[in-house]
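Good morning, colleagues. May I ask you to look at the screen while I describe the packing and the ligand site of one chain.

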Amino acid sequence: MRTSQFPLNTIKEIPADAEIVSHKLMLRAGLIRKLAAGLYTWLPLGLRVLRKAENIVREEMDRSGALEVLMPVVQPGELWQESGRWDEFGPELCRFKDRHERDFCLGPTHEEIITDLVRSEIKSYKQLPVNYYQIQTKFRDEIRPRFGVMRAREFLMKDAYSFHLEAESLQETYDRMYETYSRIFERLGLRFRAVLADTGAIGGSKSHEFHVLADSGEDAIAFSDRSEYAANIEMAEAVAPFETRKPASRPMEKVATPGKTSIAEVAEFLKVPPENIVKAIAVMIGKRDLDREWEEFCLLLLRGDHELNEVKAGKILGGFRLATDDEIEQHMGCRAGYIGPVQMSGAKGVVNVVADRAVPPMSDFVCGANEKGFHLTGVNWDRDQQAPKHVHDLRKVTEGDPSPDGKGSLRIARGIEVGHIFQLGSKYSEAMQATVLNEEGKSQVLVMGCYGIGVSRVVAAAIEQNHDERGIIWPQALAPYQVALAPINMHTSERLKQVAEHLYRSFRNEGIEVLFDDRKARPGVMFADLELIGIPHRVVVSERLLESNQAEYKGRQDADAIQIPLEEVVPFIR
Ligand code: ATP
Ligand code: MG
Ligand code: MG
Ligand code: MG
C-alpha cells in the first residue's frame, strides 16, 4: 500500500480524556476515532490490526475443533426472561422495545441465544460435545466507559459456548480452551498470565481469567513467587486468612421473622435502618468500598425486588466462589454461613449470612436468614460457647503475604483481563430446558461452558505492553504492515524512484506486507509517522545510499540503523 493512497491519520493533539498510553497512541496513530462515549470507529490502519487479532483467534478456535456461527446482536427479551437474567442484569443491559412493543436488548453476551439454538438443534447425546463460537459485536452500557477501546460500550468479542452430557466432557473442553487461549496470546506476542477467577455460579465450577500484564491494568492479580498459584486478587482475598479483632459484647439473638424475606421487610420488622443490612451484606461479600454498580445492586435489594434468600453466590450477586465446608469451618468454627467474599448456601438450600463476619463499624449488625424465617442480631456471639466471639476482619491481600497453597509468598501485579473461561454447569440449560436424550433414551439436562476473548481490547492491551516515547511497537503478529519503505526525496530523482518502486514490487511478490511512503514529505515527518504507527521494519533508500548500492535498515526497537546491499534487503527481511 502507498501512503499517497492510504492517508495516515496521525495527529499531534491528544484529547484530554485519553488517560492511558494505548488510548493516546491509538488516537495519535490514527487507528481509531471516538464517535461518542465508549463508541469508536476503526480507521483503515486500526482495522488491519483488529483483523489480525481476529484471524489468530479464529484460526486457533478452528484448530481446537470449535464451530463458527454468527448470532444476532439484537436479542429478544423473552429469552432473557426465561433464563431469569432480564431482571437480574443491571443497567449494563441496553433494553428497548420494537414497534410492536416487544422487549429486545443489545447482546452483552450470548448464553441465552446459543442455549435456545442448541435446545432446538441438538437432540441426541450422539451430537455432543459441541463448541460453537462467534466473533461478534457486543454492547454493554458500561457505567464508566474509558481508556478507548479497552473499556468501550460497543466492542468486539470472541465468545464460545460448549455443551456436554457430563461434567468430565466439559472439563476436557475447558482444558482444551485453556490451551487454545494460551496459544492465542502467545501467538499475539503478549506477556500474559492465566489466573484463577471467581465463578459466580453455584457449585464447584471453575473459572480462569487471562490477563495481559501491564501497569495500567484495572485488575490486580496475585501470584506465588514459588509455585504455579496465580489468582485474581478478589479470589486470593477470598481464601486469605482473616484477621481477628476484639469481640463485641452484645449477645447474639435469633429473631423469628416469619415471611419476611426482603431486606426492606426485615429492616422494618427489626427496626434497623435497611442501609445497615445492605452495608453489612456488601461487607460480607467483600465489597468494602461500594462503587456505583454495587450501590445500584443494593438498592435493588432494598426495594425488595429480590428475596434475601436469593442473595447467594451466582444467583444475584455473581462472581463469588462457594467456600468448601472445610474452609468455612476453618474460618468460622461452624459449618454454615457466608464468610467474607466466600459464600456457601446453608442447610436446606437456605442462605446463611454470616454471624461473625462483621467489620467495623458494622459490629453487632443484623443479618439473616440463618434459617428461613429467622434472622440474627448481635452477631458477634458464639452460640456454642455462649460468649462473645472474635470478629474476623476482611483481610486485604498484600505483597509478601503467604501464598494460599503454602508455597512461597504472594506478589501482586496489574493485569488487563483479555480472556475469561468458565464452567457454567447447567445454569442456562436448566432454566431454558436444553435437554437431549441420553443413551438410555431419557431426557437429560446439558452442562455448559463459555469462553470469551475481548478481541478489540487485545489490540489496546498489546500497545500497553509494547510502546516507547516515539509510539507503538507492534508485535510481529499484529503489525498492520511488516515493512515501511521510505525513500528520501524520491520526487526529485527518477533513478531513486525506480529503485524504490522495484523494492516495493519485490516485497509484494514475496508476500511481505509493505507500506510504501511515497508522500512528498520531509524525512523527519516520514520517520516520525512510521515510528508512531509502529511498523516493525523500516527500509530507507536515498540518492546518497544508492552511490554505494546500499539501503538503510532499522528495526523499530533498534538503536541504530545499519546498511545492507540493495539486493539483500528483501531476503534480509523475509
Ligand atoms: P471486565 O471485568 O473488564 O468488565 P468482564 O469480566 O465483564 O470484563 P466478560 O463477561 O468476562 O467481561 O467478557 C469476556 C471478555 O470481553 C473480557 O475478558 C474482556 O476481554 C472483554 N470485555 C468485557 N467488557 C469489555 C468492554 N467494556 N470493552 C472491551 N472489552 C471488554
Ligand atoms: Mg464487565
Ligand atoms: Mg471481569
Ligand atoms: Mg470476565
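The buried residues of α5 (residues 111–121) are covered by elements that include β4 (74–76), α3 (77–83), β7 (130–139), β8 (154–164), α12 (427–431) and β23 (447–454). Contact here requires C-beta atoms, placed from the backbone, within 7 Å; buried requires 20 or more other C-beta atoms within 10 Å of the residue's own. Helices (H or I, at least four residues) and strands (E, at least two) are DSSP runs, numbered from the N terminus. On α5, the buried residues are Glu111, Glu112, Ile114, Thr115, Asp116 and Val118.

This is a predicted model, in which local features need pLDDT of at least 70 and side-chain atom pairs pLDDT 80 or more, while totals for chains, interfaces and linings use all residues. Residues are numbered from 1 along each chain as written, and chains are lettered from A and ligands numbered from 1 in the order written.

Which element gives the largest share? That is β20, with four residues. In total, 15 residues surround the ligand, with C-beta atoms within 6 Å, and the closest are Phe155, His420, Gly452, Gly454 and Arg457.

Turning to the chain as a whole, 43% of its 574 residues are buried. Its secondary structure comprises 17 helices and 30 strands. Of the contacts with a separation of 6 or more, 68% join residues 24 or more positions apart.

Technical notes
Buried ≥ 20, exposed ≤ 12 C-beta atoms within 10 Å, placed from the backbone. Contact = placed C-beta atoms within 7 Å.
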